[in-house]
Amino acid sequence: MGATNVVGGGVVGLASALALARAGHSVTLLEPDAARTAASWGNAGHIATEQVAPLASPAAIRSAPRRLFVRGGALDLPLGQLANWLPFALRLVGRSTSSRFAAGSAALGSLLQEAMPAWERLAATIDAPELLTQDGHLVLWESPETARAGRDAWTAADTGTATFRDADAAELAAIASVTQAPVAGAIRFAGSGQIRDLSVLAGALEEAFLRAGGRIVRARAQLRIIDGVALVPGHPAELVLVAAGIGSRALMEATGHAAPMIAERGYHIRAAADRWPADLPPLVFEDRSMIVTRYADRVQAASFVELSSPDAPPDPRKWERLEAHVRALGLPITGPFRRWMGSRPTLPDYLPAIGRSPRANNLLYAFGHQHLGLTLAPITAELVAALVAGERPPVDLAPFDLARF
């Protein structure tokens, strides 16, 4: 098998590079960011098998005004970034019809039903099964009105392979042990999961890739198509996979592909987990659009959907609001807080792009996984490996073809 370049060392790129290396390819992974600042390594660690409904939906469009940051919500459309997010927003509205939402849900569901088994296989492959937990997560509300509305919404939603029930007395007591806020209702999901430590995951993936004969080059890649062949200048290879998250847009557009992604930026704060129960699953404070997760000796609170440029300065008000939420809830998390911001790569229909380029048969792509990059990385890697091997993928890839744009 020939030489392969994988452009992008986030969780999707690393998982795909590992799958190709284990299949016998000579793989070079090109990733300039040795500090692991990308969204892959700063997310909530949640294996979100329940999130079958794409955010490109009639309900999301209707609810957008009340979810705005200026009204206390998590959605921010910065005025200074209007030129970046307005074209995306118009495309999003166009992709949010009832029929397109139904088709998108079916497509995303086909990936998500394979997500957890693929994670089990990947965790075993990298000799780190302990990194994956399948204990579900808790969702709670602070008022009777939001509890009723939230539970009704989840009851009506397609949650795929995940299920939920009302939280029992022990689970309510566990919630009460970490928050002083009133809990008017809570549900416990089963079938979802968590990665215990994203930094350890990143290291385990890189080590497994190197053991499989892969090579990591800390360099920024460019992409060209010459005479129907995709090339990464300075790094000759017979096959190229673009899996560079938000950076994939510029790479693909340089070759004439439309990849209308936006940086959907999220924020988190982290602090010591001295007083946080080690066995508590992720907690979603749905009224505040905030998820709290424990990683080893740290606790993280994360939120926000900020449509912006990946290179725009972070907005300190987001971190300040997270810290205010922590104080208001009485969570046993004290500073100093480590602050982070990262860009989720999001396409207007909230479906990833997975496929092969019609412009160059040796060019494949896997990016645009929005909030589900961590969740879908292993199954995406398996789909990429099947494409390269000329095998029939276990999931229909037609809905994820970049030609839809």
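How much space lies in the largest cavity? About 90 Å³.

This is a predicted model, where local features need pLDDT of at least 70, side-chain atom pairs count only at pLDDT 80 or more, and totals for chains, interfaces and linings use all residues. Residues are numbered from 1 along each chain as its sequence is written, and side-chain values use heavy atoms, without hydrogens and water.

**Stop one: the cavity.** Select G9, G10, L14, L29, E31, D33, R36, A38, W41, E206, I216 and R218, which line the largest cavity. A cavity is a set of points, on a 1 Å grid over the protein atoms alone, where a 1.4 Å probe fits but cannot get out; lining residues have an atom within 4 Å of a point. By class, the lining has five nonpolar, two polar and five charged residues. Gly counts as polar here. The whole structure holds one cavity of 30 Å³ or more.

**Stop two: the sheet.** Show the strands (DSSP runs of E, at least two residues). Six of them form an open sheet with mixed pairing, in the order β10-β2-β1-β13-β20-β19. Pairing takes at least two DSSP bridges between two strands. Select 215–217 for β10 and 353–356 for β19: these are the edge strands, each pairing on one side only. From one strand to the next, the twist averages 20°.

**Stop three: inside the sheet.** Pick β13 (residues 239–242) and β20 (residues 363–367), a parallel pair with three bridges. L241 stands opposite L364 in β20.

**Last stop: the helix.** Select α8, residues 198–211. Helix α8 packs on the sheet and touches β2 (26–30) and β10; contact means heavy atoms within 4.5 Å. The directions of α8 and β10 make about 120°.

Conventions. On a 1 Å grid over the protein atoms alone, a cavity is a set of points where a 1.4 Å probe fits but cannot get out, and a pocket is an open set with protein on both sides within 12 Å along at least five of seven lines; lining residues have an atom within 4 Å of a point. Grid points are joined across faces, edges and corners, and a volume is the space filled by probe spheres set on the points. Helices (H or I, at least four residues) and strands (E, at least two) are DSSP runs, numbered from the N terminus. Axes are lines fitted to C-alpha atoms, for helices over the stretch in contact, and angles run from 0 to 180 degrees between N-to-C directions.
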